[in-house]
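Morning, everyone. Please bring the model up on your screens.

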Amino acid sequence: MKNNFLDLIKNGFNGLDWKSIKIIFDVTDGSIGYESIQYVTSQNKIEEHWIPFKKIKEVIDFIRELYNSKKETNEKFNKVEVNFILNGKSTVRYYLDDVKELKNKIDTANVFFQWLNETMMNRIFEYEKENNLLISNYDEDGDFIDYKESWDSGVFTFKIVNKTVDYSIELTKNDVSRNLSMPLPEYLIKGLLEHYQITNKELKEEWKPWNKLVINSPHNSIPYEEWEQYVFYTYEEI
């Protein structure tokens, strides 16, 4: 793929007066973007340029596949630097920007609660529908419209104990509370354990120790500017 990789990118500069090109891709779990994309003209001017991703889709797909295959190894990277020199050697360098890596981990950890809350809401709905726990709404002709809401608010409690997740789900409707015995999907448990690992070890300088996470779900998205009213990280002795 390497030669094709380089050819595809170089073709994006066809018709331009360049003697060297430097492109840096920024890669995260959720996106790939240009950190910079410049070329130097024969008059030694530095110019900006843009190549639409649809023109280099194979390159983007290749970087994503390689990133995913390396991210759990010692060869993990979050930057891809491509250099072209006219009539000279072209190079591709994959490397890890530690500062960027730390920022990405902090940014992801800071919004984890939103993903967890939304995942729980979706899963509760699917579980209750699958188990005939929802009341259907019908129109005057007897045609199905939707399901009645089975809860107005909820408390989701997760505790990490010996690399496992203990949890409880309390749902409230019209001031009446009930506990829901619903199994958690494997990907949610994995996400919780990864979040616990990253925040307690890799981000221990930026994050207070915790082993219990409680989300007071408003049965809606949690407002980011008021998240501390809904999300509680605490540490309990085991």
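First, a term: a nonpolar core is a set of buried Ala, Val, Leu, Ile, Met, Phe, Trp, Tyr and Cys residues joined through side-chain atoms within 4.5 Å. Buried means under 20% relative accessible area, exposed over 50%, partly exposed in between, with a 1.4 Å probe and protein chains only. This is a predicted model, where local features need pLDDT of at least 70, side-chain atom pairs count only at pLDDT 80 or more, and totals for chains, interfaces and linings use all residues. Numbering starts from 1 along each chain as its sequence is written, and side-chain values use heavy atoms, leaving out hydrogens and water.

The largest nonpolar core has 28 residues. Leu116, Met120, Phe156 and Phe158 have the most contacts inside it. Helices (H or I, at least four residues) and strands (E, at least two) are DSSP runs, numbered from the N terminus. Two or more core residues come from each of helix 4 (112-130), strand 8 (153-161), strand 9 (164-173), helix 5 (186-202) and strand 11 (212-217). Helix 4 gives the largest share, 7 residues. A second, separate core of 26 residues includes Phe5, Leu8, Val27 and Tyr34.

Now helix 5. Which of its residues are buried? Leu188, Gly191, Leu192, His195, Thr199 and Asn200. They sit on the same side of helix 5, because their arc is only 140 degrees around the axis, taken from the directions from the helix axis to the C-beta atoms. The face turned away carries exposed Glu186, Lys190 and Lys201. The buried residues pack against helix 3 (98-110), helix 4, strand 8, strand 9, strand 11 and strand 12 (231-234), with contact meaning heavy atoms within 4.5 Å.
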